[in-house]
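Dear colleague,

Please find below the structure that I am handing over to you. My notes on it follow directly after.

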Amino acid sequence: MTLRTRNLEKLPSEEYDALIIGGGINGAAAAAALSGKGAKVALIDRGDFAGSTSMHSSNLVWGGIKYMESNDFALVRKLCKSRNHLIESYPSTVKEIRFLTTIAKGFRHSPWYLWAGTWLYWLMGNGFTKRPKLLSPKNIKREEPIIKTDGAVGGFEYSDAYLYDNDARFVFNFVRQAMNFGAVAANYVESLGAERQGDHWVTQARNVMDDSTFEIRSKVLINAAGPWVDEHNALTHQSTSHQHMYSKGIHLIVPQLTKEKRVLAFFADDGRLFFVIPMGNRTCIGTTDTHMEHPNPEVTEKDIAFVLENINSRLTLSKPLTESDIISTRCGVRPLAVKSEKGQSRDFLQLSRKHVIDTHDETAHISIFGGKLTDCLNVGEEIADEARRLNISLDHTNRRWYGEPGAEVKASFMEKAKAMKLDDLTPATSTEKLSSRLWRRYGEDAFALLEQIKADPAEAEVLIDGTEHLRCEIEYARDHEMITELEDFLRRRAKVSLVVHRDELARSKGLKRACEVLFGADAQTRFDTYFADHADDIPAEPAHS
C-alpha cells in the first residue's frame, strides 16, 4: 500500500483540528507549523503539492529590494529578516548569492543613487550578507565578460539568496515535515466545497485519480489555495476583506550562459528587474509581468520574444538566443492581495507580494492571500497564532517545526559517508559531491540511502542521463514522496524536466527504467500520458542536437 493510499484511507475516518486546502508554499508551511506545534492536521491539493505558483518562481529568496522604490520599507525589512532566517535555518538549501546589476544610460536613477539604496538595503538586513560594491563599466566587463557594457554608466553588486534545488522541492520538504509530525496529506484530492455543521466543517472531497468522493471533518478550515483562494471561498460562501489580482511571469531555461555563480540583474525594457540566474549547468532567464484576469496562465510567443529580445540586447553571446535554444519554460501567476473594495482598480505593477491572513472567527475559517517563498516561516507562525485564537490546542508551542537537522546530525552523516568513501562514487557529470547532495535533499533520511548504497554500490548509479538522480533516490521518491504522476517527479520533487529537453527525455531509456521503479506495471501508461500532456510545451529540439 502506497503512502498516498494510506493517507486517503485516513482522511474520511478521522476528525482534524484543521483541514488545509492547497499544498503550495502557504499551505505547506501552515501544515508544518500547526502539526509541529501539536495540532491534528489534514492537507489536500487538487493537483500535486507546489503544482502552481510555487513551482514557477525565480528560485530566489530575497528581501524585495524592488519594493524600496515604492517606499515599502516595512515590507523590505520584514523580508530581509525572513531571508536571513531561512539562510540560517537551511544552510545547505538556501544560499547567499551575489547580484550584479548593470545600469544603462538614461535610466531613471543614477548608479550612485541606486548604490546608496543597496547600502540601505544591506543595513535593513542587519548587515547579514556581504557588503554592496559599486562597479564601473570596465569593472563590470572584467567581472562578467558576457555583459554588454556599451551604453552602461556603471552598476553595483549586492547579495540576496537562492534555492540550490528547485522551489517545488523546497515546498515539498514542508509537506514531508508536516507528515513527520503526524499530518495526513494527499495530493490529487479536490475540495468540492464545505459547509459548517455545528462546531465542525464538513468538506466534500474528490479523489481526482478515480473520481471517488468522501467527507473530511475539521474544526477549522484553512483556504490556502493560492490563486484559487477566491474561487474556493465562493464554494464555501465566505466573504473576505481581501481578494486577488493576478500577474503572469515566465522564465526560459536555456543552456548555461556563464559559469560564474552569480545572478545578473538588469532593468528590462518595461522598467522591471530582469534576471539571468544560474541553474546548475543551465541558465534561467526572465521574468515578465503581465496582468491577468484569471489564474490560468500560458506562455505566448509574445512572452518568449520579450525575454529573448531583452537578454540578447544585454549580453554579448557567440550567437543570439533563439526559440531553438529553449530547454523548458516556467509560467506562473502571482496572486496579489488587494482590499476587496479597491478590487481591480489597483495598478498591479505597484503591488507587492505581501501576504494577508483573513480570519472569520464565527465560522473558524481562515484564508491566506498573496505570499511568497521568502515569507513562508512568517505565514506558518501567523496561522498557528490564528488557530490558537480559534481554540485549537497547540501543546508544543515552542517546538521548532522547520529547518535542517542540527550540526551534530550532519557531522554524523558526513562521517559515515566518508568512512564508506561515498564521494568516490560521485558521477563525473555531477555538479556536487554525493554526500552534500544527499544531505541537502533528504536530511536525516539520507542515512537510509547510505545503507542502501553500502549494501549495493549500483544504487549510486545515475539512472537518467543528463541528471544527477541516483537509483536509490528514485526508489526513495516512490516510497516517501507521493509520486502519483510522472510530472510530480520530473518537475517538482526533482527539476529533471527543467534542465533536460522534452525530446531528449522521450528518448531516454533511463527514464523508462525510472518509470518502472516509480509505477511498476503502470510505467508505460504514465510515461505515455506525460508526453501526450506536454507535447506542445516548447519548440522541438534543434536538428543538430
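I begin with S340, which sits in the loop between β16 (328-339) and β17 (356-360); helices (H or I, at least four residues) and strands (E, at least two) are DSSP runs, numbered from the N terminus. The model is a predicted one, in which local features need pLDDT of at least 70 and side-chain atom pairs count only at pLDDT 80 or more, while totals for chains, interfaces and linings use all residues. Residues are numbered from 1 along each chain as its sequence is written, and side-chain values use heavy atoms, with hydrogens and water left out.

S340 counts as partly exposed because its relative accessibility is 26% (buried means under 20% relative accessible area, exposed over 50%, partly exposed in between; 1.4 Å probe, protein chains only). Apart from neighbours within four places in sequence, S340 is in contact with T240, S241, H242 and Q243, where contact means heavy atoms within 4.5 Å. A polar atom of the S340 side chain lies 3.1 Å from the backbone oxygen of T240. Between the C-alpha atoms of S340 and D533, which are 193 residues apart along the chain, the separation is 36 Å.

The whole structure contains 2 cavities of 30 Å³ or more. On a 1 Å grid over the protein atoms alone, a cavity is a set of points where a 1.4 Å probe fits but cannot get out, and lining residues have an atom within 4 Å of a point. Grid points are joined across faces, edges and corners, and a volume is the space filled by probe spheres set on the points.

The largest cavity holds about 60 Å³. Its lining includes R83, W122, F128, K130 and P132. Two elements, α4 (111-124) and β6 (152-163), each give two or more residues to this lining, and α4 provides the largest share, 3 residues. By class, the lining has 5 nonpolar, 5 polar and 2 charged residues (Ala, Val, Leu, Ile, Met, Phe, Trp, Tyr, Cys and Pro count as nonpolar, Asp, Glu, Lys and Arg as charged, and the others, Gly among them, as polar).

The second largest cavity holds about 30 Å³. It is lined by T93, D165, N166, R169, F170, N173, R440 and R441. Here α6 (167-180) and α11 (434-442) each give two or more residues, with α6 giving the most, 3 residues. This lining divides into 1 nonpolar, 3 polar and 4 charged residues.

The aromatic side chains form 21 pairs. Rings of Phe, Tyr and Trp (its six-membered ring) pair if their centres lie within 6.5 Å; planes under 30 degrees apart count as stacked, over 60 as edge-to-face and the rest as tilted. The pair of F49 and F172 is tilted, because the ring planes stand at 40 degrees, with centres 6.1 Å apart. F49 lies in the loop between β2 (41-45) and β3 (60-61) and F172 in helix α6, so that the pair links parts of the chain 123 residues apart. Both F49 and F172 are buried.

F174 and W401 form another tilted pair, 6.3 Å centre to centre and with 50 degrees between the planes. F174 belongs to helix α6 and W401 to the loop between α9 (376-389) and α10 (407-419), so this pair ties together parts 227 residues apart in sequence. F174 is buried at 2% relative accessible area, and W401 is buried at 0%.

With kind regards

Notes: Polar contact = N/O pair within 3.5 Å; in protein donor to acceptor, adjacent residues only side chain to side chain. 1 Å grid on protein atoms, 1.4 Å probe; cavity = no way out; pocket = protein on both sides within 12 Å on 5 of 7 lines; lining within 4 Å.
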